Amino acid sequence: MQKKWWQEAVVYQIYCKSFKDTNGDGVGDLAGVMEKLPMLKELGVTCIWFNPIYKSPQVDNGYDISDYQDIDPAYGTIEQFKELLDKAHAMGIRVVMDLVLNHTSDEHPWFKESRKSKDNPYRNYYVWRAPKENGKEPNNWGNYFYEGRGSAWQFDEATGEYYLHNYSWKMPDVNWEYEPLRQDMYKMMRWWLDLGVDGFRLDAINRLKKPEGLPDSKMPPAPPVGIYGYVVDRAICTNVPGIHELLREINKNVWSKYDMMTVGETGNLSSDGALDYICQDHNEIDMVFHFEIGKNPKIITVNEYKETQQRWIDLMKHNAWISQFLTNHDSPRQVSRFGNDGEYRVPSAKMLATLVHTMPGTPFIYQGEEIGMTNVYFDTIDDYNERYTVGKYNTMIEAGEKPEVALGKLRAMSRDNARTPYQWDGTDNAGFTSGKPWIKVNPRYPEINYERDRASADSIFDYYKKLTGLRREHPAVIDGDFRFLLYDDPKIVMFLRKCARETLLVVTNFSDDPVKVAFPEELRANKWKRVLTNREDTAPSLEGREEWLPWEAEVYTLSC
Ligand code: GLC
Ligand code: CA
């Protein structure tokens with residue numbers, strides 16, 4: 001079947017704020033992205049996803065939008081954006097915007113109107129409720145950023161009512177039940193699409209619909225905000241009945257009219273409920289980011305990794321498509337989270353990339369991954385920026401936790417791990433800015449930076465180039481059937497991708513240890529040709545291979 005462009009794409013996620021600063025104000029900008037387009041082209045990227053670059057007070061680094069139809073002045077202008085779009089398109093690179101439909105900034109004109117009076121025409125653009133008889137919040141929901149004392153409701157003096165904010169109090173949830181809000185959102189989306197953008201990454205998309213009557217969560221209050229009686233229940237506003245009708249309506253009114261891609265961020269979605277969103281016959285969204293691998297705070301085992309992949313890949317048999325990624329701007333760094341960012345940083349970064357780029361689905365690269373950037377461990381909370389880490393830290397302290405303990409618990413999973421500036425070279429501030437960066441640079445930059453990686457015989461960037469080349473040159477990477485081998489092995493991830501013309505075999509060692517395995521009988525007589533390895537020092541032939549080095553990754557082909 002003819003594939004859609006986004007099924008063949010290699011997507012690169014740009015956190016503009018930390019990518020490349022060109023005017024010395026310490027904040028990355030569109031000019032910086034334009035300067036680096038040739039590098040992305042060389043990497044083999046065919047699509048960019050921009051984290052939000054709209055006008056924003058930057059409470060949540062742009063997820064708090066105050067004007068959907070303008071670029072934040074720190075990043076540039078709308079003219080510059082158009083220039084970037086043209087340049088990217090001319091190079092064969094599409095551009096996808098991050099679209100935040102669940103909430104706006106409290107500085108958005110809609111909200112400024114909405115809070116003025118109960119009969120303001122914009123009142124119903126947001127979710128307002130009267131206090132309970134005792135003056136308390138309408139329900140026990142806690143906000144996801146642990147702000148204030150934890151409630152998801154903020155009291156507003158002007159009208160004596162509370163508004164709902166599942167995230168920051170500076171980010172009120174909008175009300176999708178209200179037709180004029182829906183029409184305004186559609187208009188705004190069409191405006192971007194008419195300008196030429198190629199699609200949207202849809203922020204928190206399965207949270208647009210709220211449960212009827214906004215009932216209390218039944219989850220028991222847990223520390224730290226539990227001490228105030230609130231419950232951070234991330235499930236209660238997700239996948240609520242009615243969400244699919246809503247998405248189909250948006251699709252019918254807007255998305256279906258363009259040659260575009262949509263990828264939805266869907267926390268709290270398991271493979272069970274996923275087809276409802278991504279089955280192409282349903283006309284909702286093209287694919288989702290699920291967090292059954294990436295966001296789960298416990299370290300998953302290799303067997304769990306395989307089991308999860310298998311479940312999602314199985315969905316593809318039902319006219320659905322999936323995404324492949326391990327981390328993003330909301331998580332720790334890929335190599336620190338799943339690999340080994342010490343002794344095996346280089347081979348493990350390559351091995352993880354091999355999985356992302358050869359498993360079925362569209363691969364997403366998060367900026368810096370292609371040079372093996374690692375987590376940062378700041379010594380004090382003052383160096384952290386992101387709302388969740390800071391909010392949770394403050395609440396933990398209030399609940400009686402010691403500062404070192406609180407920081408210790410938060411550092412490994414902090415979203416700031418992914419948000420430190422791109423490490424371009426070994427000069428001051430890693431060559432990201434000539435001024436003072438908005439967030440500290442990772443102190444490992446003299447060792448880990450783009451320039452150094454490119455000069456190395458063992459370059460991670462070069463390996464990524466080979467992976468994106470594989471996608472171009474071997475149709476089985478996109479089209480091939482998928483089958484795990486040695487499924488129960490706790491360290492080896494091995495699979496076949498088979499299409500009419502060829503079969504690919506991918507073998508990886510997902511561990512710090514050398515592993516001995518008996519090679520599957522069915523593969524032995526065949527003449528496999530190695531097309532990629534992250535361990536040039538191993539024999540290129542499968543013949544007699546029994547041992548796999550720590551984090552080894554290899555791809556072989558067999559032509560028919
Ligand atoms: C999504 C974004 C995250 C943001 C949140 C609120 O989860 O990826 O960065 O804080 O939505 O918009
Ligand atoms: Ca700048």
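The largest cavity of this predicted model holds about 90 Å³ of space. A cavity is here a set of points, on a 1 Å grid over the protein atoms alone, where a 1.4 Å probe fits but cannot get out, and its lining residues have an atom within 4 Å of a point. Grid points are joined across faces, edges and corners, and the volume is the space filled by probe spheres set on the points. Of the 10 residues lining the largest cavity, His290, Ile293, Ser323, Gln324 and Phe325 are the closest to its centre. At least two lining residues each come from helix 8 (302–315) and strand 12 (323–324); helices (H or I, at least four residues) and strands (E, at least two) are DSSP runs, numbered from the N terminus. The lining comprises 5 nonpolar, 5 polar and no charged residues, where Ala, Val, Leu, Ile, Met, Phe, Trp, Tyr, Cys and Pro count as nonpolar, Asp, Glu, Lys and Arg as charged, and the others, Gly among them, as polar.

In total, 3 cavities of 30 Å³ or more were found.

Ligand 1 is surrounded by 13 residues (a heavy atom within 4 Å), the closest being Asp60, Asp203, Glu265, His329 and Asp330. Polar side-chain atoms approach oxygen atoms of the ligand at 2.4 Å in the case of Asp330, 2.8 Å for Asp203 and 2.9 Å for His103.

Asp184 is located in helix 5 (residues 179–195). This residue is classed as buried because its relative accessibility is 17%, the limits being under 20% for buried, over 50% for exposed and partly exposed in between (1.4 Å probe, protein chains only). When residues up to four places away in sequence are excluded, Asp184 touches Trp110, Tyr122 and Tyr125, contact being heavy atoms within 4.5 Å. The side chains of Asp184 and Tyr125 are also joined by a polar contact of 2.7 Å. Such a contact is a pair of N or O atoms within 3.5 Å; within protein, one must be able to donate a hydrogen and the other to accept it, and residues adjacent in sequence count only if both atoms are side-chain atoms.

Residues are numbered from 1 along each chain as its sequence is written, chains are lettered from A and ligands numbered from 1 in the order in which they are written. Local features need pLDDT of at least 70 and side-chain atom pairs count only at pLDDT 80 or more, while totals for chains, interfaces and linings use all residues; side-chain values use heavy atoms, with hydrogens and water left out.

Definitions and conventions:
1 Å grid on protein atoms, 1.4 Å probe; cavity = no way out; pocket = protein on both sides within 12 Å on 5 of 7 lines; lining within 4 Å.
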